[in-house]
Structures are given as structure tokens and as C-alpha cells.
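Open the model in your viewer and keep the selection tool ready. The stops below each say what to select and what to look for there.

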Amino acid sequence: MYRTTPEENQILNGVRAGTPMGEFLRRYWWPVGFTEKLKDRPTFVRVLGEDLVLFRDQRGKLGLIGALCPHRRANLCLGSTTASGVRCKYHGWVVGADGAVLEVPGEPRDGGFRESVAKNAAYKTEELGPLIFAYMGPQPAPLLPRYDFLVGEGVHYVTIQGFQNCHWLQCVENGIDPVHPSFTHGGPWPDIANTEPELGFHETERGLVYKAYRKTKDKGVLNYREHHLMMPGVSCGGSGGRYLDGQSAGTPVSAARWSVPIDETHTILFRVRFKPEDNPAAYKGDPFTERWRPVGQFIEPFKEYRSTNDPVLGYDVPPLHFIEDGMVVDSIGPVADRENENLSPIVDAGIIMLRKMYLREIARMQAGEDPKNVVRDPEANKVIKVTAYERWVTEEEREAEKKTSRQAAG
């Protein structure tokens, strides 16, 4: 039986600069905001354990810098933007997108004081599709991957799927787990409820993929799900097609979720749903189900007795995709004690492969190489297509696919 060791778990649970995983995560681009939302005021964000302020100056240039003013350490998110940076609300100091102090009210311009102040941390930012991305690692920065769900022809929907009170990797591992949809999501997806999938996992150029067939409530009909995990933690699947109105045809809908580490025990989930232009179906109203935004601890000892003398025992899990995932993943705890798990070599093969992949790619980074899915070739980055989707096939079609695969294998 495979079991993650305490030493391996300690490596996997890092996010901050100077830790092996923290340095690995800084080799990639991370979403930090929405293009249409960032206008004329700065906003406070925390990414990979670093407190930062994201802003767009009056000339339209993006900035992502250390949150605290270098003067008296007030948070710059309370300030206002200028033509060249963000002005602190406390004493009016202006800090630019490169982290340098540009103005010190009351101080002689030629006195040399401004130039003597150490720069704030400052990170490279880019906008792609509906999102703002940040790169917080060493130079030269890699290319920002141009996935089809960001730049493809069609309609892109974006949202914050939720906030998890746990380590980001727990969210990523949930995405590469093909068994949980049958049991966690049997409410909103009754056609696959309590079914055991026939599954397989494969390493890809960019990460991992699982392919799973499972019987449905309709006799002779199988549900097929192909779900990709792209390094460092982008989950891409096709279940969004279930929420379309009208006849879906053409290229299937896909969705991607970035599990962005806020710090070691908190995660923000950015989600994009992509409906290609050749798919005639449409979403009516909000294309996403209710988001997961927990207030405090939702699981507590004797919780039912805290508000009434006549409680109904047990916990209600609403049949909503994001809520179900959110509750189950948070219930593991802030940081998973993976060394106490009992992983199956069959149904948990993807989790095992993923953890080994992270450890291997961290070692490659430490040896001075680019880890998996760091993109530097512009030609290969024009549009990166990800074949993540869900479809329904007959058992006869599945048997024909198996025959073709056996023949191809020789």
C-alpha cells in the first residue's frame, strides 16, 4: 500500500518562498483577479502567503506590490491610484508598479531620501482573457499559457467558485479523483449516482488525465468523463455542459479551476467556463451553481445542540456541485495528514501519481531545470487545446472503442 511519508507531506504542504513547494509554485503564473473588476482603486490580495496590493494606475498599467507602505506600514489598499502608482492613504507616499517609492510629500525631491528607501516586493502581471495573472518567481519569466478555455473563440464565463479553509492541494486532489462524482455529486447528477467507474490514469505533457466510464440509470448507456490536471494545479473538466439550455452540439463545453494558495490553510478557487462558438446551446441566467463561501467552522462537536433543545441530528449537504465539493474537502481539515491515509492502488492511482509527480518536479526544479508545463516556446503557446469533456455513449460504442485500442496496441 502506498502511503505518503511525514517528510513528503511536509514538502507538499509548503507554499511560502524558501520552501521546496513554495519555490516550485513560483515557477508558474497564478490568477489574482478579474480584468473587468479592477478599475480605479487598489485591492488587497494574499497569494502564496504574501500580502500584496493589486492595482491599475491611471495610465492603465497593472501593478502587484507588497501591501505595506514602506513609510509607516499602512496598507496601500486603502490608498488611491495615480498616473504612475498607488498613493498611501496615511502620508501620501506613492509606490510604483516596480515597488520603488516615487513621491514623498514634504521631502525635498533632490535630497536623496526617496532613492534610499528599499523597494517593495513587485511582481510581473499580465491579462489574458477575463483574468489577471501574476508571476512571482525568478527571471526570466515563462510564457503565460494560452489555454483554449481562456483565448478560444466563444463565450467565457468567470467566477470565484469559492473559498476553502484548507491547503490548496486538497482541492487539486479532489479534481483528479474520478470516483467522488458518483457519491459526492449524486444529488445534482442522479444519472451517475452510486456508480463504480471503469477508470484509467495517464501522465501527459502538462500533467495528468483521467478517463472514466460509468453506467448510468439508462440501460446500455455509459457516462464518459475526461478530466485533465495541468501543472501546477489547474483542473479542467466538462461537467458544465450539464447546465446548458437547448441542444448541445459542436465542441463540448469545458471548465477550468485554479486552486490558488492564499496561504498554507486557505485557498481561493478561480473558475472559467468556456462555451465554444460552434456550440449552439446557451446558459440562462447564472452559468454557475451556488458558490462555496463558508462562514467559520461548519462542522463542530455537538453543533446541533448549540441552537436548540430539540435538534435534528446530522448535516445537510445541498445537492449543489460547488457546495458539495467545498464541504467535503474542508471536512478533511486545514492540512491533510496524508501519512494516515489508506490509498487504493486502483481508485487512488491518480492521487498517488500526482504526489509523486510533484515531488519529482520539485527535484527537477532544484536541479536547475524547468518543471513540467512551464511554457517558453511561443509557437507551442499560440492556443493550447485541452480535450476535457463529458459525453454519453452506448455499451456497444464502448466495446468498439476497446477493440480499436487493442488493435492499435498491437
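**Stop 1: two packed helices**

Select helix 5 (residues 168-175) and helix 8, which pack at an angle of about 135° with their axes 10 Å apart. This is a predicted model. Two packed helices are described by the angle between their axes and the distance between the axes. Angles over 145 degrees would count as roughly antiparallel and 65 to 115 as roughly perpendicular; helix 5 and helix 8 are therefore oblique to each other. Their crossing is right-handed.

Now show the side chains. From helix 5, select Trp 168, Leu 169, Val 172 and Glu 173; they meet Ile 351, Leu 354, Arg 355 and Tyr 358 of helix 8. Sorted by class, this contact has six nonpolar residues, two charged ones and no polar ones.

**Stop 2**

In soluble globular proteins, nonpolar side chains tend to be buried together.

Next, centre the view on Phe 149. Leaving out residues up to four places away in sequence, Phe 149 touches residues including Met 230, Val 234, Trp 258, Phe 274 and Val 386. His 156 and Ser 254 are also among the residues it touches.

**Stop 3: two cis peptide bonds**

Go to Pro 140, in the loop between strand 10 (131-135) and helix 4 (148-151). The peptide bond leading from Gln 139 to Pro 140 is cis, and its omega is near 0°.

Then select Pro 232, in the loop between strand 14 (221-230) and strand 15 (234-237). Met 231 and Pro 232 are joined by a cis peptide bond, with omega about 5°.

**Stop 4: two asparagines with positive phi**

Select Asn 194, in the loop between helix 6 (180-184) and strand 12 (198-203). Asn 194 is not a glycine, yet its phi is positive, about 60°.

Finish at Asn 373, in the loop between helix 8 and strand 18 (389-394). Asn 373 also is not a glycine and has a positive phi, of about 70°.

Asn 373 is buried, with a relative accessible area of 7%.

How values were computed. Residues numbered from 1 in each chain as written. Predicted model: local features only at pLDDT ≥ 70, side-chain atom pairs only at ≥ 80, totals over all residues. Heavy atoms only, no water. Contact = heavy atoms within 4.5 Å. Axes fitted to C-alpha atoms, helices over the stretch in contact; angles between N-to-C directions. Helix = DSSP H or I, 4+ residues; strand = E, 2+ residues; numbered from the N terminus. Parallel < 35°, antiparallel > 145°, perpendicular 65-115°, else oblique. Left-handed = near helix turned anticlockwise from the far one by under 90°. Nonpolar A, V, L, I, M, F, W, Y, C, P; charged D, E, K, R; others polar. Buried < 20%, exposed > 50% of the residue type's maximum accessible area, 1.4 Å probe, protein only.
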